[in-house]
Amino acid sequence: MFFLFFTSVISYFPFEEPIIEGTTDNWVDEVTDFVENSVCFVMFIQKRSPRSKALFPDFQEAANRSLGMVKFVSVDIKEHPKVAYLYTVRAAPSFRIVHSKGDVEYKGEKTADAFMDAAFKYIPLKSHPIDDSWAPSPQAAMSAILLTNKKVVPPFWAAISCNFSENSKIRIGHAKNSQFMSLFQIRSSQAVVFVYKDILSVYEGPLVFDDLRKSILSFIENPKSSGNEISIVSELTSERDFEKACRNAGKICVFESRIPKEDQVEEKFTEIAKTNINGPFKFFKCNEKCPIEKMKKGFYIFHAKRPNVIFVESIDDISATLDRVIDGGAKWKKIDEEFEINDEI
């Protein structure tokens, strides 16, 4: 009878990865130092406690499903009383969430989902809100950026920001603004992009911590290894998208309009876009279908705040015209006059 009971207890406390078996000797390395950039969820147990044995499978499931976002640690209060004393734990099972600002006793439901939800709330966000300087350009630093329409940055990205907070090779950023969705040519509600100089790549894998972490590490080693490289000149053909991207959106829209491929100006236009990407411009193209039906072959510059436009016939004149726009010397024309329309676009 005793042998069967002892075997049953051991079977429920194997401390399988990713759970760490906490001890007096490893506590500083595994918990105290670790929580400077993350969170630990600690389960204080007694290996002979039926209640500890009953709750441990849910704790193990939470550890497995968190995929490294939070460290799960289990420590026996009888074997390591100094650790228990440190957190004023006198009975098991007991739970503590240890984070960078201290620790809190967890008294919620004892399920895997509840364990995860509680721990995720304490993951510090070390991701930086981005601005236009994060866009692809010859000077752009290596970056991983979450683009989302959610009001709160999700836990997986907070965990990514913690994981790479001390990595000097890459910066982690986020944007909760549809303006940046257009800048990075993203149409989905949530996506991750990688930027290095004038390389822009879209991450194609699942938005989960471990897959993202591995892809970012691969990206650091080879900036062209993650996602698909895409042009910084996006195609824009609908009036609705034009309204979102170019009307009171803070940027001046520059269009390559109805230029046949045989004219071989697309490469020149892309180079101009790269040169000016950190300026007040966004670059687009349209061919058979354009957001304004009467757009003709050539190049258009649309004012960011007023219903004004500049038409440029030759690619060779674009750079000089953009300089005049920045200097305030450009000659604008009203959109309805340029396209001979009565209703404002």
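## Salt-bridge exercises on a predicted model

Glu-21 is partly exposed, at a relative accessible area of 33%. The model is predicted. It holds eleven salt bridges.

**Exercise 1.** Find the salt-bridge contact between Glu-21 and Lys-47, and state which parts of the chain the pair ties together.

*Solution.* 
1. Take the side chains of Glu-21 and Lys-47: the N to O distance is 3.8 Å.
2. The cut-off is 4 Å, so the pair counts as a salt bridge.
3. Glu-21 sits in strand 1 (residues 20-21). Lys-47 sits in the loop between strand 2 (40-45) and helix 3 (50-66).
4. The pair therefore ties together parts 26 residues apart in sequence.

**Exercise 2.** Which elements does the salt bridge between Arg-65 and Asp-113 link, and are the two residues buried, partly exposed or exposed?

*Solution.* 
1. The closest N and O atoms of Arg-65 and Asp-113 are 2.5 Å apart.
2. Arg-65 has 40% relative accessibility, hence partly exposed.
3. Asp-113 has 42%, and is also partly exposed.

**Exercise 3.** Classify Asp-132 and Lys-251 as buried, partly exposed or exposed, and locate their salt bridge.

*Solution.* 
1. In the salt bridge of Asp-132 with Lys-251, the closest N and O atoms are 3.0 Å apart.
2. Asp-132 lies in the loop between strand 6 (128-129) and strand 7 (143-148). Lys-251 lies in the loop between helix 9 (239-246) and strand 13 (252-257). The two are 119 residues apart.
3. Asp-132 has a relative accessible area of 23%: partly exposed.
4. Lys-251 has 2%: buried, as the cut-off is under 20%.

Definitions and conventions. Residues are numbered from 1 along each chain as its sequence is written. This is a predicted model: local features need pLDDT of at least 70, side-chain atom pairs count only at pLDDT 80 or more; totals for chains, interfaces and linings use all residues. Side-chain values use heavy atoms; hydrogens and water are left out. Helices (H or I, at least four residues) and strands (E, at least two) are DSSP runs, numbered from the N terminus. Buried means under 20% relative accessible area, exposed over 50%, partly exposed in between (1.4 Å probe, protein chains only).
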